[in-house]
Amino acid sequence: MVVNKNKSSKPVIEIKEMHKWFGNFHVLKNISLGVNQGERIVICGPSGSGKSTLIRCINRLEVHQQGDIIVNNVELTGDLKNLEAIRSDVGMVFQSFNLFPHLTVLENCTLAPIWVKKLPKKEAEELAMELLTRVKIPEQALKYPGQLSGGQQQRVAIARSLCMQPKIMLFDEPTSALDPEMIKEVLDTMIELAETGMTMLVVTHEMGFAKKVADSVIFMDEGEIIEQNDPKNFFNNPKNDRTKLFLSQILNH
Amino acid sequence: MSEKIYKPGNYPDLPPPPGTVGVYGWIRQNLFSSISNSLLTIISVVLLYYLIDGIIGWFFLDAVFDADSKIACRKIDDGACWAVITRRVGQFVYGFYPEAERWRIDITFLTMFIAFAPLLYPDIPKRKWLLYFSLFYPFFAFVLIMGGYFGLQKIEYSLFGGFMLTVILGVCGIVCSLPLGILLALGRQSNLTVVRTLSVCFIEFMRGVPLITLLFVASSMLNYFLPPGTNFSILVRVIIMFTFFSAAYIAEVIRGGIQAIPKGQYEAADALGMNYWQKTRFITLPQALKISIPGIVNTFIGLYKDTTLVVVIGLLDPLGIGRAALADTKWNGLSTETYLFVALFFFVSCFAMSRYSLWLENKLNTDKK
């Protein structure tokens, strides 16, 4: 397990008694969660449990209807100015990569820094190349996403988010759409990122990653946080029966 | 055939069986794959020979290219009588534009290619400078064609006609309707109710009314709707109608393109903190327009050919000029030659548009390279 020296007690995300509905369907029920700077949290749970919706609420890709979400001391409301500020501080990596297919890898990485952060083009390109080197694909910079493998695309997506120099990174099942042989390269990139002290919220089924990197593991079911614990206790002595069942299903095969 | 035995992992790439690739393979597979196919091939070749022989004879070998009338043509040879075209080619191209001033049309037409080059070919050298010329070109073209400034003789629009009129109407309609169509497509997708409703009403009205009706409105009624004192020439009014009409179609084509973009693209752009206009400019439109190229060019080609409808409000497009020529007793009855010539002109223009769109689609295809 990677020891987290970067974890501090300074909260960067505070969620208080948050509820969300899709129509009449109550997806998130009374969620309260605090995340400190540098903390790495893994969220797991069966499909439909609301884990993706939860992290999508943090950069307001989904709108919550009740309760508060405070990111970097700014409360998430309908105010567009606040929202764009928060979104440029919170990076997100998607299950299906969502790279812009009409732009080269380099342009994917420099678009938002140039237009949202108003970085000069040259600086943005230098930063992008630095981060592409960090995810180990600088040689693909001038190719288009369609010419890369899934693992490479996901690493570009990570670099693209990092180019905005975010304080928090959200990962929404980053390895679920990948072939088994490519999962490792993406997980390695994420582990390296964790070592730099990035605050990370990761929705994933990769329990090896959770054991290795997470400061805390959250189990969600039917829109509720059922259990939250450090990885050692979470995997060795789960308290709740539903957690036990879930773990037995994903670990014993 | 004896199979060689290779160790696992050492199987080499073997060439395909002989006679299945290359020119010989193609001929064998496509033309002579069976007895009936071979027969059909031979019969087709013989038929084609006679057909092409007849066509070339009529068009070129037995054709008459200069004569004083149809009767004079027939005395010389029995092929096509192109004299009706060659004797009136000036009218077909320039309408009734004064002969001494036709150089103005020539220059406008030739410089049009320079003005379009940087817009159509993004990789062209010195593009930035050429783009300034493109911006300046509409004023340049207007002054040169209409006259009235810098000592140029003022030409009445009623003298316009022929291919020149088609190109003016077509190019103006195409150039104006694309941006308007984009705005309407975005308006139709907008969250603002007023903008959305106005866009939907405009699109549905324009698509629901025949173009001829709009042209009649342009020629007779438009002045009632405009503030008193404004008086556009009929040419401008017709261009406005063509623009509105095809903009409505283009808007729907582009809306299809916008809806084909996966939701994840917007989410990624949102997550990066981009605002509406940044998303539209960098993510939505480049992808939507790329998807819509075939539909947009389809609409352009339709618009270009529909310019012939102006004949109903008394403007002399190439078909109008052709009819005038046929009404002349000297050329009575040469409709085949006349209409083929006009058709050829339209075909060349539309085929060029179609080839350009294919080229562009290929260039923008970033998936396989």
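This is a predicted model: local features need pLDDT of at least 70, side-chain atom pairs count only at pLDDT 80 or more; totals for chains, interfaces and linings use all residues.
Residues are numbered from 1 along each chain as its sequence is written, and chains are lettered from A in the order in which they are written. Local features need pLDDT of at least 70 and side-chain atom pairs pLDDT 80 or more, while totals for chains and interfaces use all residues; side-chain values use heavy atoms, with hydrogens and water left out.

**View 1. The fold of chain A.** Here you can follow 9 helices and 10 strands in chain A, taken as DSSP runs (helices H or I, at least four residues; strands E, at least two) and numbered from the N terminus. The C-alpha trace of chain A spans about 55 × 45 × 35 Å along its principal axes. Of its 253 residues, 56% count as buried, that is, under 20% relative accessible area with a 1.4 Å probe, protein chains only.

**View 2. Where chain A meets chain B.** Contact (heavy atoms within 4.5 Å) links 24 residues of chain A with 20 residues of chain B. Together the two chains bury about 2,000 Å², 62% of it on carbon and sulfur atoms; this is the accessible area (1.4 Å probe) lost on putting them together, summed over both. Phe100(A), His102(A) and Trp115(A) supply 26% of the area that chain A buries against chain B, more than any other three residues.

**View 3. A salt bridge across the interface.** Look for Arg87(A) and Asp270(B), whose side chains form a salt bridge at 3.7 Å, N to O. The term covers a side-chain nitrogen of Lys or Arg within 4 Å of a carboxyl oxygen of Asp or Glu. Between chain A and chain B the count is 2 salt bridges.

Methods:
Buried means under 20% relative accessible area, exposed over 50%, partly exposed in between (1.4 Å probe, protein chains only).
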